[in-house]
Amino acid sequence: MFNNALHQDMEIFLRRYGNSTVAVLPPAVLKEFRLSAGQAMTLTAGDGKIVLARKSKVTLADLIAQCDLSAPPPADLDLWNNARPMGNEVP
């Protein structure tokens with residue numbers, strides 16, 4: 001699947017685009033990684049490197065997996081659950 005030419009260092013250029021600076025990716029890179037203009041990406045920078053990665057979609061299951069189900073409920077939740085209706089709420 002991977003093109004060997006893409007595994008070598010490539011020189012790209014930064015260009016001005018209005019008030020922004022953009023990195024121009026060669027068509028072969030876009031095709032290989034199935035990327036297109038407007039695609040959401042994440043940028044990580046550190047140790048003198050910039051890494052672009054496809055932004056992953058977060059699912060409800062992913063969020064629930066991060067929860068500590070044995071944690072006590074927030075202190076203000078009891079107040080909310082026991083509050084009397086203040087308007088036209090259905091009891």
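This is a predicted model: local features need pLDDT of at least 70, side-chain atom pairs count only at pLDDT 80 or more; totals for chains, interfaces and linings use all residues.
**Isoleucine 12**

Residues are numbered from 1 along each chain as its sequence is written, and side-chain values use heavy atoms, with hydrogens and water left out.

Isoleucine 12 sits in the segment before β1 (helices, H or I, of at least four residues and strands, E, of at least two are DSSP runs, numbered from the N terminus). Setting aside neighbours within four places in sequence, I list Ala23, Val24, Leu25 and Pro26 as the residues in contact with isoleucine 12, contact meaning heavy atoms within 4.5 Å. For proline 26, 14 residues away along the chain, I note a C-alpha separation of 7.8 Å from isoleucine 12.

**The largest pocket**

Isoleucine 12 came up again in the largest pocket, where Ile12, Leu25, Val29, Met41 and Leu52 lie nearest the centre among 25 lining residues. Elements that give two or more residues to this lining are β2, α1 (27-32), β3 (41-46) and β4 (49-54). I use pocket for an open set of points on a 1 Å grid over the protein atoms alone, where a 1.4 Å probe fits and protein lies on both sides within 12 Å along at least five of seven lines; lining residues have an atom within 4 Å of a point.

The space in this pocket is about 950 Å³, a volume being what is filled by probe spheres set on the points, which are joined across faces, edges and corners. Which element gives the largest share of the lining? I found that β4 does, with five residues. By class, the lining residues divide into 19 nonpolar, four polar and two charged (Ala, Val, Leu, Ile, Met, Phe, Trp, Tyr, Cys and Pro are nonpolar, Asp, Glu, Lys and Arg charged, the others, Gly among them, polar).

I read off arginine 15 opposite valine 22, and tyrosine 17 with serine 20 of β2 as its bridge partner. Two residues lie between β1 and β2 in this hairpin, and glycine 18 in the turn has a positive phi of about 65°.

β3 and β4 also run antiparallel, joined by six bridges, and methionine 41 has arginine 54 in β4 as its bridge partner. How many of the six residues of β3 are buried? The count is zero, and I record the strand as hardly covered.

**Positive phi outside glycine**

Most residues other than glycine have a negative phi. I therefore wrote down aspartate 47, which takes a positive phi near 55° in the hairpin of β3 and β4, with two residues between the strands; at 82% relative accessibility, aspartate 47 counts as exposed.

Arginine 34, in the loop between α1 and β3, likewise has a positive phi of about 55° although it is not a glycine. Its relative accessible area of 64% makes arginine 34 exposed.

Lysine 31 lies in helix α1 and is exposed, with a relative accessible area of 71%. Between lysine 31 and aspartate 47, which are 16 residues apart along the chain, I have a C-alpha separation of 28 Å.

From phenylalanine 33, serine 70 is 37 residues away in sequence and 41 Å in space, C-alpha to C-alpha.

Conventions. Two strands pair if DSSP finds at least two bridges between them. Buried means under 20% relative accessible area, exposed over 50%, partly exposed in between (1.4 Å probe, protein chains only).
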